[in-house]
Amino acid sequence: MSIGKSSTIGFAVMFAIVTLLALAACTEEGKPVKGFVLPQGDIAQGEQVFVDFNCHGCHTIPEIEFPETEFEPPFIMEIGGEVYRVKNYGELLTAVVNPDHIISPKYKAMLKQAEREVIISPMPYYGEQMTVAELIDLVEFLHAQYTKLQPEYYRGYYLTK
Ligand code: HEC
């Protein structure tokens, strides 16, 4: 067997192992949903849902003024704004219906700075009160809040934050 061929086989075996590990990781963390498509939502309605459910008690969104809330959370998290990778519909929907699935790295960093531990997301579970139509509009609204930044190009590298 030539060296070229064995290294191709070696690569194939490694690829298979990595794929299997990735699949195992997915099944451990819940049920990944493939082929999931949301119907078109209404952005303005979604903004109303955001306010109705008091999401603005814990979140700000650049350039949007929300009514005052009495609630004072220890941390205010910004959603949307200029980012290098826009969150997709699946991620936004998951953040609302299954907030503990992935705890936002930004939030973890905020807690670390305050020397507090992350255990679960402080986000309430909305599954009992929110209708599917509200959820669809909400996710449409959230998605519209992200603006994709072009990474800065520097001597052959793309710099991302
Ligand atoms: C009690 C405070 C609180 C409320 C109320 C709340 N959130 Fe959150 N939310 C958080 C915190 C803290 C995080 C970061 C931890 C995590 O990832 O769950 C977060 C994360 C998110 C994320 C992911 C952000 C990212 O950058 O990964 C989205 C999207 C989101 N919330 C949307 C909502 C929406 C929509 C509502 C209302 C239906 C809502 N939140 C209500 C506290 C809250």
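This section describes the surroundings of the ligand and of its iron atom in a predicted model.

The ligand sits in the largest pocket. Two elements give two or more residues to the shell around the ligand, namely helix 3 (89-97) and helix 5 (132-143). Helix 3 contributes the most, with three residues. In total, 24 residues surround the ligand, and the closest are C55, C58, H59, S104 and M123. By residue class, the shell consists of 19 nonpolar, four polar and one charged residue.

Two of the closest residues, H59 and M123, also supply the protein donors of the iron atom of the ligand. The donor atoms are NE2 of H59 and SD of M123, and they lie 1.9 to 2.3 Å from the iron atom. The six donor atoms around the iron atom subtend angles of 82 to 178°, and the arrangement is therefore octahedral. For six octahedral donors, the ideal angles at a metal are 90 or 180 degrees. The pair H59 and M123 links distant parts of the chain, the two residues being 64 residues apart. H59 belongs to strand 1 (residues 59-60), whereas M123 is located in the loop between helix 4 (105-113) and helix 5.

For K87, a polar side-chain atom lies 3.3 Å from an oxygen atom of the ligand.

Conventions. Residues numbered from 1 in each chain as written. Predicted model: local features only at pLDDT ≥ 70, side-chain atom pairs only at ≥ 80, totals over all residues. Heavy atoms only, no water. Near = heavy atom within 4 Å. Polar contact = N/O pair within 3.5 Å; in protein donor to acceptor, adjacent residues only side chain to side chain. 1 Å grid on protein atoms, 1.4 Å probe; cavity = no way out; pocket = protein on both sides within 12 Å on 5 of 7 lines; lining within 4 Å. Sits in = over half its atoms within 2 Å of the grid points. Helix = DSSP H or I, 4+ residues; strand = E, 2+ residues; numbered from the N terminus. Nonpolar A, V, L, I, M, F, W, Y, C, P; charged D, E, K, R; others polar. Donors = N, O, S within 2.8 Å, 3.2 Å for Na, K, Ca; no water. Tetrahedral: all angles 85-135°; square planar, octahedral: opposite > 155°, others 65-115°.
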